[in-house]
Amino acid sequence: MALMPGLQLNMGQQLKLTPQLQQSIKILQYSALEVQQTIATTLETNFMLELDDEFVEEELADEPRDEASDEQTHADEKEIDLESADKLDDDMQVDCEWEEVYTDIPVATRSASLDSEYTAPENYTAAELSLAEKLYWQADIYPWPNPDNQEVPDQAVIASYLIDEIDDEGYLKTPLEQIEAAIKKNEPELAISVEQLEQVLAVIWEFEPTGVGARDLSECLLLQLKPLKQTPYVVTARKIIEDHFDLLSVRDYKRLKKIYLLDDDDLMEVIHVIQALSPRPGRAYASTQNELVIPDLRLHRTATGYMVELNQEAFPRLSINRAYVDMANDLQGQSGESKQIKEQLFEAKSLIKSIQSRGETLLRVGRYIVEKQARFFEEGEQAMQPMVLRDLAEALDLHESTISRATNQKYIQTPRGTFELKYFFSTGVSQYGSDDQSAIAIKSHIKQLIENEDPKKPLSDNKLMQLLEDKDISVARRTIAKYREAMHIPSSSERKRMNQYR
């Protein structure tokens, strides 16, 4: 084969996304909170972008408009488009198209705005105290021995290291040897040992909440039993946890009764003592602030059916700053200031159009879901219809990846609650002679049957299969078992054993 220079002609196809399309795809897959953060960041850097002031719009609507001034303004804006026709080829007033996306809502008055800024006292939340802060406060007021008078290391310093390693549930899962090595590395002047760490840990066990600092579940339960009045039931509970915690974990109550010579009533009292304990003592100081979910869509019931609309409170309404447009028109030539204004203008218009496209896509998806799952909003989960991404993509003439982006981390507020759009998608289970059943609907039927069962005679999977067949739902027993385990519902034998000692 001769190595000679030559020319070759190759043909191929490549798909390249423009920066505008890439931004539109990224905005579509963002959650409402991420979109708000993107808008806030852009507002700080882009002077051409501004928020629409509804009150100013209301005042302008009431005042007579100067048509000559409007025509001059539009003419000035057109000059910007002509100078950069390769980039800005559509009208400046892109924000006006938002009226096609949002439903009309009466604009609030000034007095109503001032009233809305007032926060009622009952809406304030008290300052939360974390578990670590609670333990540090107790360690600060505890009378530790003075290290200057005794040949012992500073136990307050050791306590701080131990508290640092206690997790939010109240457990100390880091081995003491590892904590000892960390103290020796950071505090070389302290001569400590594991035994001294255990002494300080024993003091932390006396702190609130009771059971904090335990290294495993059995130790946590024993710490909580220690301050209780030592009745026969408490003593028996402590012995069971110390010697036969494995039997208690698997609920082998028959062997426990035989070992400790207990009848059913006595064993029930002992179980009640153990059940009254907290397996996670640190949860009492966990943050009670729920994660904020901003619905992208809202569903309202009307006289003719349901109406889906975008949540106006989720996204600020954006527009172009006309003052800078006028300034750009006054600049002649291709100066640096003029170029910067055009770049900022292009970025602002791209963001507005991307958010607008996102809203239109979400509306189309939301309307189809509401139409498909109309019975769900009337009857509940048992009326859920099977639906997959492919069905929605074919109906809206969109790609499945687009539907996936438009439903992931997107929420709709309905009369039945707030749901993620992905919640309404479920596979269908084939039925003989009838329409397919949604997996969510079948799970709802199973859950309802188990909730209404006789606690002394729980329903087996075979019995559940028969009861579902009476409702014209044909499901295999293994499918019922799979759905039951997915809902974290124990088997009938385990439920019977649990109900016995409730």
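## Ground rules

We're looking at a predicted model, where local features need pLDDT of at least 70 and side-chain atom pairs count only at pLDDT 80 or more, while totals for chains, interfaces and linings use all residues. Numbering starts from 1 along each chain as its sequence is written, and side-chain values use heavy atoms, with hydrogens and water left out.

## The chain overall

The protein chain has 23 helices and eight strands; these are DSSP runs numbered from the N terminus, with helices being H or I of at least four residues and strands E of at least two. Of its 502 residues, 37% count as buried (under 20% relative accessible area; exposed is over 50%, partly exposed in between; 1.4 Å probe, protein chains only).

As for contacts (heavy atoms within 4.5 Å), take those with a separation of 6 or more: 66% of them join residues 24 or more positions apart. The accessible surface is about 31,000 Å², and carbon and sulfur atoms own 49% of that (Shrake-Rupley method, 1.4 Å probe; for residues, only the protein chains shown count as cover).

## Two nonpolar cores

A nonpolar core here is a set of buried Ala, Val, Leu, Ile, Met, Phe, Trp, Tyr and Cys residues joined through side-chain atoms within 4.5 Å. The largest has 27 residues, and the members touching the most others are Leu297, Val365, Ile369, Leu392, Ile403, Ile412 and Phe424. Elements giving two or more residues include strand 2 (297–302), strand 3 (305–310) and helix 18 (389–396). Helix 16 supplies the largest share, six residues.

Leaving aside residues up to four places away in sequence, Ile369 touches Met387, Leu392, Leu421, Phe424 and Phe425. There's also a second, separate core of 24 residues, with Leu131, Ile163, Ile192 and Val203 among them.

## Aromatic pairs

The structure holds 11 aromatic pairs. Rings of Phe, Tyr and Trp (its six-membered ring) pair if their centres lie within 6.5 Å; planes under 30 degrees apart count as stacked, over 60 as edge-to-face and the rest as tilted. Tyr306 and Phe377 make a tilted pair, because their ring centres are 5.8 Å apart and their planes sit at 50°. That pair ties strand 3 to helix 17, across 71 residues. Tyr306 is partly exposed at 22% relative accessible area, whereas Phe377 is buried at 3%.

Tyr423 and Phe424 pair edge-to-face, at 5.5 Å centre to centre and 75° between the planes. Tyr423 is partly exposed, at 24% relative accessibility, and Phe424 is buried, at 0%. Both pairs belong to one aromatic cluster, made up of Tyr306, Phe376, Phe377, Phe419, Tyr423 and Phe424.
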